[in-house]
Amino acid sequence: MRSKAIGIIVAACMACALIALPGCSSQEEYTPELKDPQVSPPAIGEEGTLRVGVNTSKSPLAGKGSEKIIGIDVDVAAALADQLGLTLSIEDVGTNADRALEEGKVDIVMGQEAVEEDSDIWHSEQYLPTGVVLFAKEGSGAKPPTGAVTPKIAAQISSKSAWAVTNAFGEEALASTNDLASAFSDLSKGNVDFVASDAVIGMYAANLQNTPVEIVCLMDTASGYCVGVKADNKELQDAIKTALETIMNDGVVSVIEDKWLGKAVVLTDVPKVEATPKETDANGAEGEGEEASDAESNAETSNASNTSTANTAASN
């Protein structure tokens, strides 16, 4: 009974550290007792340390805040390092994840899309699903649009989501906005029926604005974010696979999602809108842009006080 009680207290302390609840002590960060290292060189490049590469231009997966790197990927990496009995070192590798692994600058890379095919990188199971989706106001009872009546859908101008809207429902359905903050503001005011966005970025933007939303349907095939390891590093692959399974099954990743997104992204059984392809311009420019929003710049101010979950993350 006593050991069970201690376990509950430890879990509560970890939850406090994860989501910085009011009433939890802000004087000290939660630092777990370090386990015995599960891997060592040459599987990792530095004894006792898991060196992790992230892309800080991919908020909320990773970004700069309070002069250090923060985000979902940092927190997941911290939990993985804990499971492996290693301290954590974070480095911004930008879009050059494969090069950083090849040159031995990092041991693993976060935020790798499951749909990416790269023979030089092994991909774990996804720890975070994503895809272009339609958001509606929470509790609105909105159903996936059928095209029988043209819906009004806000999406960031020149984004992949805007292209998906016009491709499925035509130009008349698109209500272009300069950023996702404006799109979700229009949704909350009832000016539009839906917001089209990447599921993770959209959930993050809505959470920053305290706009309760729900995912109604997918606009394309769901994908997800994975951990990447060099294809020939079987020992580290096995260790990451086991550690990731543990933190997924223990609910740690769900708590991290709650912290950054307000709730977990669940795309299982979400219906998909079948698009009717329409012609793009001759240059193929439509839909080329990546999803972006002021949510990315807000990551510094809104989450500057957030720290990594179960390990002290060292920025580069």
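Analyst: A residue counts as buried when its relative accessible area is under 20%, and as exposed when it is over 50%. The model discussed here is predicted.

User: What is the mean pLDDT of the chain?

Analyst: Residues with a pLDDT of 70 or more make up 75% of the chain. Confidence stays under 50 over residues 1-27, a stretch with 13 contacts beyond four places in sequence. Residues 296-316 also have a pLDDT below 50, with 65 contacts beyond near neighbours in sequence. The mean pLDDT of the chain is 82.

User: What percentage of the residues in the chain is buried?

Analyst: The chain contains nine helices and 13 strands. Of the 316 residues in the chain, the buried share is 47%.

User: Which strands are the edge strands of the five-strand open sheet?

Analyst: The pairing in this sheet is mixed, and the strand order is S10-S9-S11-S8-S12. An edge strand pairs on one side only, which is the case for strand S10 (174-177) and S12. From one strand to the next, the twist averages 35 degrees. The edge strands are therefore S10 and S12.

User: Which residue in S10 stands opposite Ile153?

Analyst: Strand S9 (residues 153-156) pairs with S10 in the parallel sense, over four bridges. Opposite Ile153, the residue in S10 is Leu174.

User: At about what angle does helix H4 run to S9?

Analyst: Helix H4 (residues 160-169) lies across S8, S9, S10 and strand S11 (194-198). Helix H6 packs on the sheet as well, touching S8, S11 and S12, and its direction makes about 120 degrees with that of S11. For H4 against S9, the angle is about 145 degrees.

User: How many residues apart in sequence are the parts tied together by the aromatic pair of Phe135 and Phe184?

Analyst: The structure holds one aromatic pair. Phe135 and Phe184 form this pair edge-to-face, with 5.6 Å centre to centre and 65 degrees between the planes. Phe135 lies in strand S8 (residues 132-137) and Phe184 in helix H5 (residues 180-189), so the separation in sequence of the parts tied together is 49 residues.

User: Is Phe135 buried or exposed?

Analyst: The cut-off for a buried residue is under 20% relative accessible area. Phe184, the partner of Phe135 in the aromatic pair, has a relative accessibility of 0% and therefore counts as buried. The relative accessibility of Phe135 is 0%, so Phe135 is buried.

User: Is Asn210 buried or exposed?

Analyst: Asn210 is located in the loop between helix H6 (199-208) and strand S12 (213-218). Its phi is near 55 degrees, a positive value in a residue other than glycine. Because the relative accessibility of Asn210 is 67%, this residue is exposed.

User: What is the relative accessibility of Asp269?

Analyst: Phi of Asp269 is near 70 degrees, again a positive value in a residue other than glycine. The residue belongs to the loop between helix H8 (252-261) and helix H9 (294-302). Asp269 counts as exposed because its relative accessibility is 76%.

User: Which residue does a cis peptide bond join to Pro60?

Analyst: Pro60 is in the loop between S1 and strand S2 (63-65). Another cis peptide bond joins Pro41 and Pro42, with omega about 10 degrees, and Pro42 is placed in the loop between helix H1 (2-19) and strand S1 (49-54). For the cis bond to Pro60, omega is about 10 degrees and the residue joined is Ser59.

Notes: Residues numbered from 1 in each chain as written. Predicted model: local features only at pLDDT ≥ 70, side-chain atom pairs only at ≥ 80, totals over all residues. Heavy atoms only, no water. Helix = DSSP H or I, 4+ residues; strand = E, 2+ residues; numbered from the N terminus. Buried < 20%, exposed > 50% of the residue type's maximum accessible area, 1.4 Å probe, protein only. pLDDT = per-residue confidence, 0-100. Contact = heavy atoms within 4.5 Å. Phe/Tyr/Trp six-rings, centres within 6.5 Å; stacked < 30°, edge-to-face > 60°. Pairing = 2+ DSSP bridges. Axes fitted to C-alpha atoms, helices over the stretch in contact; angles between N-to-C directions.
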